[in-house]
Structures are given as C-alpha cells and as structure tokens.
Amino acid sequence: MRLGILGGGQLARMLALAGYPLGFRFLFLDPAPDACAFPLGEALHGAYDDLDLLAQLANDTDKLTFEFENISAAALQSLSGIALDPPLEALSIKKDRNSEKALFQELAIPTTPFRTVDGPEDLAAAVQAFGRPVVLKTRSQGYDGKGQRIVRDANDDARALRELGEHRLIAERFIPFERELSVIAVRGSDGAQAFYPISENTHDNGILVRAESRPLDPMTERACALTGRLLERLQYVGTLALEFFEYEGELLANEFAPRVHNSGHWTIEGAETSQFENHLRAVAGMPLGSTAALGAVAMRNCIGTIPDPAPLLRLEGVHAHFYGKAPRPGRKLGHITVRARSEDELAARLAKLDAQLPSFRFSC
Ligand SMILES: Nc1ncnc2c1ncn2[C@@H]1O[C@H](COP(=O)(O)OP(=O)(O)O)[C@@H](O)[C@H]1O
Ligand SMILES: [Mg+2]
C-alpha cells in the first residue's frame, strides 16, 4: 500500500519506520523543505491547504492519513472522494478546542470547566466563574503548550489577550491535578478496539518530557471506557490519544489527539505492536496487533539538545531514537526508551539513565 501522510515530522517518520516491514510505501506532504520524514519516502513540499498538492497526494496514493492536526480540514473536505483515516470529523472537531470540549460533554466524558473568550468581558466572566488562575488557550493551532497563557492576576489578563488575541480563545479552570495520564487506543476498520496500558505523563511548560507505562494503574478501566466512547462516536479508524488530568479521584479529559502521540512512543520497544504499526494496520484495513506491554517501560524526550548517545546505549534496556532535526530550544529532537522485566529493575535503570541525561527543562 502507498500511504499519503499530511505532515513530515517525527510522527510521520516513525510511521514510515513501522510501515516498511509490512510493505508500505510513503508520500509525505509538509511545508518545511527539510521535514525529518522526507528521507524515508517521497515528498511533496508545500502548504497543507494547497488544493493541487492535496489532489496530487490523494491521486498518487491508496489512502491518506495525517500526523498533525493543524492542517486544513476544509481543504481536505473540498476534495471529493478521498480515502482518509482517521475520519475527517475527528480532525474537524479536534481543530477547535470548543468543539472538542462540546464532544466530551455530549459523551458525558468529564472535562475541565471552560468558556469561550472573544474579548476582555468574556475573560472577566471566566475569572468570575472559575477563580484565578485560569488557563487561556487559542481554540486552534496550539501544540506543545504553544498558544497558552496562565492568567494569574489582572495584569496578566491584558497581556495574555494581547499575545493570544489574534485568535478566538477558550478559558479553562486551572486544575491542580495529582497526575496527568493518557490512553493510547486504536480502532480498526472492522470496529475492533484495543488499548495500550495507560501512560503517566510529565510536562514542563506544556511540553511532554517523560511518560511511564502503568499497566496496573487503578484508573485503567475508567480511562479506557471513556476513550472507547470517543472511538465509537467518531467511528474512528487509527490510533488516538486521550489526555486526562487526575484530580480528586476523578479523570477530567484535557484533550484528544486524532493521531499517534508522543506519550505512546514507548510502545515501539515496549509493546507487542507499536502505536505506529497499529495505526497503519487500522488505516490499511488490516487486523490490529496486540497492545500488550513487554515488561515495564518508560520514555524520556530529548528537548532542545541531543544527548551523547554512547554512554546511554551502554545502559541495559535503553533504546535511542533521534529524529534528524536541527537543534532548537524547546524542540523535540528525539526520545529514549528504557525497558525492564520488573518495576524495580525499571526504577534502577531509569536512575542510571536520568543521571546521564541533561535536565529536562524547557530551556535546555
Ligand atoms: N486547565 C489546565 N489546568 C492545569 N494545567 C493545564 C491545563 N491545561 C493545560 N495544562 C497543562 O499544559 C499542558 C499542555 O496543555 P494542552 O491543553 O494539553 O495543550 P497542547 O495542545 O499544547 O498539548 C497540559 O498537559 C498540562 O500540563
Ligand atoms: Mg496536550
């Protein structure tokens, strides 16, 4: 099968790496001339809403998928008869945090209290309703904590509105959560659902820095049940992530990603079938593979700098993935997975690994 992928970043690159053993070939579309997936297939270089390029991408491939939600759903919709998975509705809903939250409400998936904000009066009303701080987010185009401000006092209000104000916004109650969790799930074209063990995630300045697989987590059943509702409602095909805050014993959905997700990168070495392979199997109409974990697993992101690989690779159970991207502060350049036979062994291995890695600060 020849798959067209909108986006040529590291997620597309890892999809390609997973797809070659199954006989897939790839055509990527990305506005960046040096997109890091380009060496792994054929490439179209240009804008996501360039209708000629989209038509070429669709004509030259058997099926389309995407690795990034900040693409144009409207442009895709205007092309007739394209074969696309995940479904366009999942993309359209995801592109606006307001419609995403409305979907959570429709499905009785508890979510962070929110209001739309189109100006200072709306922000004042949100502050009144939720108390400070509130989290102000652009309704579209945000990722890795971009397009967000925590509004702590009246001075922040005007600045945040000025900095984000070109966009329509939502304000959310700030949740002093106990933990952040995510479910990586996959639904096949035959409706089969599968769930990976949930991940416990740590962010710094809105960017994921570490994920730990939690196969025995007490929140598993609830988190997977909520994610299953989303898969069914969207008649979803492919891999999807749902992020949660755990707060006062309940799960609050934060956002979903209609694609493979950074908190599932540990599945490459840490699960029977990776999230990337299962996404490809789903969109190609193949049976899904087992999502069972292969022991205890954790992942560390390499942000801003690439660590020296030699000392890392001497450690047992460690696998490094570097994406071939130019270093830049705050940029995801790679990730490290560590796997062990038990939680104790994993903790010992992680202690050694973390001692070798630069501190995972946004500024590194
Ligand atoms: N309402 C909130 N309360 C507390 N922390 C939040 C809230 N919203 C976002 N965050 C923090 O910021 C991170 C990034 O926000 P998120 O909404 O997931 O946007 P992105 O699309 O950038 O991932 C979250 O993982 C969480 O750590
Ligand atoms: Mg997020």
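**Figure 1. Domain organisation of the predicted model.** The protein is divided into domain 1 (2-84), domain 2 (113-173) and domain 3 (179-356). The coordinates are those of a predicted model. Taken over C-alpha atoms, the centres of domain 2 and domain 3 are separated by 29 Å. The average pLDDT of the protein is 95, and 98% of the residues score at least 70. Confidence is highest in helix H10, at a mean of 99, and lowest in helix H7 (residues 154-164), at a mean of 89.

**Figure 2. Surroundings of ligand 1.** Ligand 1 is surrounded by 15 residues, the closest of which are Val135, Glu172, Ile175, His203 and Gly206. By residue class, the shell around ligand 1 consists of four nonpolar, six polar and five charged residues. Domain 2 (113-173) and domain 3 (179-356) each supply at least three residues to the shell around ligand 1.

**Figure 3. The loop that holds Gly145 and its contacts.** Gly145 belongs to the loop between strand E6 (134-138) and strand E7 (148-151). Gly145 counts as partly exposed because it has 15 C-beta neighbours inside 10 Å. When neighbours within four places in sequence are left aside, the contacts of Gly145 are Asn205, Gly206 and Ile207. Gly145 and Asp204 lie 59 residues apart in sequence, yet their C-alpha atoms are 8.9 Å apart in space.

Figure 4. Asn205 is located in the loop between strand E11 (198-204) and strand E12 (207-214). Although Asn205 is not a glycine, its phi is positive, at about 55°. Most residues other than glycine have a negative phi. Asn205 has 14 C-beta neighbours inside 10 Å and therefore counts as partly exposed.

**Figure 5. Helix H1 and the elements packed against it.** Helix H1 (residues 10-19) is mostly covered, with nine of its 10 residues buried. The buried residues are Gln10, Leu11, Ala12, Arg13, Met14, Leu15, Ala16, Ala18 and Gly19. Against these buried residues of H1 pack strand E1 (2-6), strand E2 (25-30), helix H10 (275-283) and strand E17 (332-340).

**Figure 6. Helix H10 within the structure.** H10 is largely enclosed by the rest of the structure, because nine of its nine residues are buried. These buried residues are Gln275, Phe276, Glu277, Asn278, His279, Leu280, Arg281, Ala282 and Val283. The buried residues of H10 pack against H1, and also against strand E4 (63-66), strand E9 (179-187), strand E10 (193-195), strand E13 (238-247) and helix H9 (267-270). After H10 comes Gly285, which has a positive phi near 75°. H10 also carries the highest confidence in the protein, at 99.

**Figure 7. Leu242 and its contacts.** Residues up to four places away in sequence not being counted, Leu242 touches Ser182, Val183, Leu226, Thr227, Leu230, Ala253 and Phe256.

Figure 8. The loop between E13 and strand E14 (250-257) contains Glu248. Phi of Glu248 is positive, near 50°, in a residue other than glycine. Glu248 is exposed because it has 10 other C-beta atoms within 10 Å, the limit for an exposed residue being 12 or fewer.

Figure 9. Asp85 and Pro86 are joined by a cis peptide bond, with omega at about 0°. Pro86 is in the loop between helix H3 (73-78) and helix H4 (88-94). The peptide bond from Arg132 to Pro133 is also cis, and its omega is near -5°. Pro133 occupies the loop between helix H6 (120-130) and E6. Most peptide bonds are trans.

Definitions and conventions: Residues numbered from 1 in each chain as written. Chains lettered and ligands numbered in written order. Predicted model: local features only at pLDDT ≥ 70, side-chain atom pairs only at ≥ 80, totals over all residues. Helix = DSSP H or I, 4+ residues; strand = E, 2+ residues; numbered from the N terminus. Buried ≥ 20, exposed ≤ 12 C-beta atoms within 10 Å, placed from the backbone. Contact = placed C-beta atoms within 7 Å. Near = placed C-beta within 6 Å. Nonpolar A, V, L, I, M, F, W, Y, C, P; charged D, E, K, R; others polar. Domains from an automatic or database assignment. pLDDT = per-residue confidence, 0-100.
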